[in-house]
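Student: I would like to learn how to read a model like this one, feature by feature. Where do we start?
Tutor: With charged pairs, then the core, then the surface.

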Amino acid sequence: MMEYKIALLLRDPAVDFYKTSIGTNFLGCNIDYYHVSSLKELGKIFSSIEKKYDGFMTTGSLSLSTMTQICSDNEIPMSYFNITVESIYKIILTQSILRNKFDLSKIGIDILDENDSLANIIVEDRLLNLLHEDDERVKRFSLEELQKYENDLIDKYSRLINNGKINFFITRTIAALDLFNKRNIDYYFMYPSINEIRNAFELLKKNIELRAMKKNLPAVIHFDLKLETSKNGSEQKSIEFQKAIIDFNKKYYTNLVLKSSYMDFEVYTDYQTVKDFTFDFTHCPLLDFLKKEIQYSGTIGYGIGRNIDHARINAINASKYGNAFNENGYQSFLVDSDDNIISLNKSGIANSGLDLNLNISIEYADEIAQMAKLSSKTIMRLISLIKTLGTDQISSDELMMHLNISLRTSNKILSNLHKCGIASIEGRKSIGAKGRPINVYKVNICY
């Protein structure tokens, strides 16, 4: 059985608890323990060891979010020991049995606001929702906001103690324990059960294995030379292109294997190579290189797939998607193994005014295009615009202005979407003082 090196970054007294519970070898994982005293120290330690381990584990969502923001590779497997809502109910029930006069109104829990009543939360069955909302909120915080959130939590506890509102705390925030001990306040720290620990490690191991598999996924890069050859002659441009790819291989130490076909070329490689030389799928130095060396103006499409055929199809689709934005010069896109579209020209997005990172598949865009009797290019640009504007409500004049198309074309797009049920009329607005009101449409497309 494969063994993995795992680092546990923990605050005291959690280190002693986990060493006693699982030791230094658990479920085929060799564990090293690191003591941290604050989120700031956790970040420093993590940065110094992130390349040394197969995966990382910590005690809470604040710590996990800190590591997530600091790590240089967003695919490093990491997790935390989550406390389930069932465990919280069990703790409340157990403590009510062990203690006399256990008043729910005097119990504080991290996720409750100062005016929340635990009794009402339980009766209304809102505890699980509060847990999920808290975790989602923490994921969106910056590093500074994470530290502030922890400090605010401790300040909240201090106020509740001063006002005599709470006399017993159930917490998963180790930073609050110093306050409770100094103020001689009764509390219960929510350590995970052995089953919760086991589940966390099994999930981490699965993510480690998936990452290893993903590194070896086949990748194909598709170059559409139709525009090139129409301008410069097929044979000469083909020779220049092949030499440029060889030069790129030498410069970037890549293992790109070139294969030519009619009017286009394909390069065969793997997921990790593409990830490395595109700087984690954020830029396309290959396009920059070809523009400089041979004044290349064709499209480049990257495809990653579960097999080589899937990767080829994704690369061709990514190249077609690039053609949809070719007039703006945004020609490098990637379709990943889950058929999501990713722009590899981050530096150029601001100039286009459109957000080109779409969590949709080519097939989905084609399906909508067929229903509305429009082109896939139009649907993709429309979705990009909706995402950029941050609203699914749009009028024909806005569509005309942002996509640089005629008002007639804009009206046709929205009318076709309305006829097939993909858009609905939400209201009307006037253009100018004397202008006739026009429809405002709500576009019902997922992205």
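Student: Which residue forms a salt bridge with Lys214?
Tutor: This is a predicted model. In it, Lys214 pairs with Glu75, and the closest N and O atoms are 3.7 Å apart. Lys214 sits in helix 9, while Glu75 is in the loop between helix 3 (61-70) and strand 5 (78-80), so the bridge ties together parts that are 139 residues apart in sequence. Lys214 is partly exposed, at 33% relative accessibility.

Student: How many salt bridges does the count come to?
Tutor: The count comes to 12.

Student: How do I read a bridge within a helix?
Tutor: Start with the geometry. An α-helix has 3.6 residues a turn, so residues three or four places apart point the same way. Now the case here. Lys148 and Asp152 meet in a salt bridge, 2.8 Å from N to O. They are four residues apart in helix 7, about one helical turn. Lys148 is exposed at 51% relative accessibility. Asp152 is partly exposed at 35%.

Student: Where do Asp247 and Lys243 lie?
Tutor: Both are in helix 11 (residues 234-252), four residues apart, about one turn. Asp247 is partly exposed, with 24% relative accessibility. Lys243 is exposed, with 53%. Elsewhere, shared partners link Asp134, Asp135, Arg137 and Arg172 into one salt-bridge network.

Student: Now the core. Which residues touch the most other members of the largest nonpolar core?
Tutor: Leu8, Phe180 and Phe201, out of 33 residues in that core. Elements giving it two or more residues include strand 1 (4-10), helix 1 (14-22) and helix 9 (194-215). Take Phe201. Beyond its neighbours within four places in sequence, Phe201 contacts residues including Ile6, Leu8, Phe26, Met57 and Phe81.

Student: And the surface? Which residues make the nonpolar patch of about 360 Å²?
Tutor: Leu93, Ile97 and Leu98. Leu98 belongs to helix 4 (residues 85-98). Leu98 counts as exposed because its relative accessible area is 64%, and the cut-off is over 50%.

Student: What follows helix 17?
Tutor: Gly390, with a positive phi near 75°.

Note on methods. Residues are numbered from 1 along each chain as its sequence is written. This is a predicted model: local features need pLDDT of at least 70, side-chain atom pairs count only at pLDDT 80 or more; totals for chains, interfaces and linings use all residues. Side-chain values use heavy atoms; hydrogens and water are left out. A nonpolar core is a set of buried Ala, Val, Leu, Ile, Met, Phe, Trp, Tyr and Cys residues joined through side-chain atoms within 4.5 Å. Buried means under 20% relative accessible area, exposed over 50%, partly exposed in between (1.4 Å probe, protein chains only). Contact means heavy atoms within 4.5 Å. Patches are made of residues with over 30% relative accessible area and no salt bridge: like charges are joined within 9 Å, nonpolar side chains (Val, Leu, Ile, Met, Phe, Trp, Tyr) within 5 Å. Accessible areas come from the Shrake-Rupley method with a 1.4 Å probe; for residues, only the protein chains shown count as cover. A salt bridge is a side-chain nitrogen of Lys or Arg within 4 Å of a carboxyl oxygen of Asp or Glu.
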